[in-house]
There are 2 protein chains.
Amino acid sequence: MDLIRERALLDVALEEARVGLKEGGIPIGAALYGADGALLGRGRNRRVQDGDPSMHAETAAFRAAGRQRTYSGTTMVTTLAPCWYCSGLVRQFGISRVVIGEARSFDGGQAWLAEHGVQIVVLDDAECVALMRDFIAARPELWLEDIGEPEP
Amino acid sequence: MDLIRERALLDVALEEARVGLKEGGIPIGAALYGADGALLGRGRNRRVQDGDPSMHAETAAFRAAGRQRTYSGTTMVTTLAPCWYCSGLVRQFGISRVVIGEARSFDGGQAWLAEHGVQIVVLDDAECVALMRDFIAARPELWLEDIGEPEP
């Protein structure tokens, strides 16, 4: 595993997350790369910006990539471990690899994906951790809404 | 289980599927209902119409419903058994029930959802079966693209 290369892959997703935060949104970003390393699509959570609960960072990047005949060999990079919704996306479309900025703030379907043959890389990136930790502390109700959890 | 009521719930999803077919799209429709039975959102597969692979029927209906604080008690009605992507949506957001028009043409995550406490109702509706059977026979490449499967 070439961790230097994967950390570089995280750059675009992190940039998306930072923009999302500035927009008042939930700071999660993602990018989808082709088997050849080309950027196919990038996006960020758009719940607040567009009032659209279907646009998590991963689904936004997937959408931005447009129609693709196959996802074999592709890599989904995301600043935060994918939820069940986004994990289902990865499994259904046969995305080969998921590179995760951090999995401390949230644990979705990454183990399930690994069981089903998806390569998982967790970078445990300090900026990704700080982005979510600070956001969850500041806007807990928005974070819980985004993952469909009741307020405590 | 009140099958007459569930068959009536299927009407909106079926109408969406029929419109999708007329538009040249993949004929799958869905509708999300609140705990009180009110229609929250409806939609259809938009891969062809919008060039958007992220809009399956269920995600389109979920999007159309806008931001919701909870999905407890809601019902997702879909003309075709949900794929892993749409099953992940149901699980993550805690949608309580899925009413499925037919599960002959496709088998996604319905058993997995049932294991995780989602109520599943399969209507085995003849029109839903015919819509997908005829579409898959006519446009197999489009159907396979929509579920991320390689061509045979």
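Student: Why is B:Glu127 called partly exposed?

Tutor: This is a predicted model. B:Glu127 has a relative accessible area of 31%. Buried means under 20% and exposed over 50%. The value lies in between, so B:Glu127 counts as partly exposed.

Student: What makes B:Glu127 and B:Arg18 a salt bridge?

Tutor: Their side chains meet at 2.6 Å, N to O. The cut-off is within 4 Å, so the pair qualifies. B:Glu127 lies in helix α6 (residues 126-138) of chain B and B:Arg18 in helix α1 of chain B, so the bridge ties together parts 109 residues apart in sequence.

Student: Is B:Arg18 buried, exposed or partly exposed?

Tutor: Partly exposed, at 34% relative accessibility.

Student: How do you know that A:Glu16 is buried?

Tutor: A:Glu16 has a relative accessible area of 7%. Buried means under 20%, so A:Glu16 is buried. A:Arg42, at 31%, counts as partly exposed.

Student: What makes A:Glu16 and A:Arg42 a salt bridge?

Tutor: The closest N and O atoms are 2.7 Å apart. A:Glu16 sits in helix α1 (residues 3-22) of chain A, A:Arg42 in strand β2 (residues 39-44) of chain A, and 26 residues separate them.

Student: Why is B:Glu16 called buried?

Tutor: Its relative accessible area is 7%, under the 20% limit, so B:Glu16 is buried. B:Glu16 forms a salt bridge with B:Arg42, which is partly exposed at 32%.

Technical notes: Residues are numbered from 1 along each chain as its sequence is written. Chains are lettered from A and ligands numbered from 1 in the order in which they are written. This is a predicted model: local features need pLDDT of at least 70, side-chain atom pairs count only at pLDDT 80 or more; totals for chains, interfaces and linings use all residues. Side-chain values use heavy atoms; hydrogens and water are left out. Helices (H or I, at least four residues) and strands (E, at least two) are DSSP runs, numbered from the N terminus. Buried means under 20% relative accessible area, exposed over 50%, partly exposed in between (1.4 Å probe, protein chains only).
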